[in-house]
Amino acid sequence: MSTTDTAATAYDFRRPNKFNRDHVRALQIVGETFARQFTTVLSTSLRAVSQVRLVGVSQLTYDEYVRESENPTFLATLALEPLPGLALLHIPLDVVMAMVDRFLGGNGEGEMPARPLTDIEAGIVRNLLDRVLRELSYAFEPLTPITPRFIQFESNPQFAQIASSTDMVITLDLDLRIGTHEGRANLCVPFTSLQATLLEVSSTAMHASPGAHDPRAVRQAVTSALD
């Protein structure tokens, strides 16, 4: 092999890369907006120092997603109408328990029980989730209009079957902190649910005006508008 040859790159056919740079950027915008709005909901609802920050956008098989999830955990199954299929909102269980403790008058500190939520606790979290879903709808507006709808809670990831084991899913990974409790939350959406929307994003980028990103053209347009 000559020094000018390009080195081979490993490719895993079980995990095909299904989205490009435009897709990642669009999903990052959604994730960053959702993180900001989620922070506001937690801070105002719990009256505690809270922070949600987008870590990144990932793609993996659904089997990998399930195997990386703890049991028991907290999963909210969602419909993102009119997108096909279902999605999952995962929040670390100890963080959810800290939320419940604060809602019931506690300080949300110390060790939290590692068990599924009771019916009363689930009802308390559901009220908070309704506010979070409204912010999720707002975050998706630049990408596509959706109306998130709660379906059910799950504590065992094996029972939350929103895709087959080999299907690719997209996750918006979030660092979530409430007081002293922190962990990794995420929104998991099957690629097939977003496929048509992401194809439209690619098409829009491909047919965008060549001058739209030309600094000289932008400067002229701004000067003209100001004049």
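**Largest cavity.** I looked up the lining of the largest cavity in this predicted model and found Phe38, Phe74, Leu89, Ile91, Met99, Val125, Leu128, Leu129 and Val132. For me, a cavity is a set of points on a 1 Å grid over the protein atoms alone where a 1.4 Å probe fits but cannot get out, and lining residues have an atom within 4 Å of a point. I noted a volume of about 60 Å³ for the largest cavity, a volume being the space filled by probe spheres set on the points, with grid points joined across faces, edges and corners.

Helix H4 (119–140) and strand E3 (86–91) each supply at least two lining residues, and H4 gives the most, with 4 residues. Helices (H or I, at least four residues) and strands (E, at least two) are DSSP runs, numbered from the N terminus.

**Second largest cavity.** I noted a volume of about 30 Å³ here. Its lining includes Leu27, Phe140 and Thr171, and E5 brings the largest share, 3 residues. By class I have 7 nonpolar, 1 polar and no charged residues.

**Ground rules.** I number residues from 1 along each chain as its sequence is written, and side-chain values use heavy atoms, leaving out hydrogens and water. Local features need pLDDT of at least 70 and side-chain atom pairs count only at pLDDT 80 or more, while totals for chains, interfaces and linings use all residues.

Definitions and conventions: 1 Å grid on protein atoms, 1.4 Å probe; cavity = no way out; pocket = protein on both sides within 12 Å on 5 of 7 lines; lining within 4 Å. Nonpolar A, V, L, I, M, F, W, Y, C, P; charged D, E, K, R; others polar.
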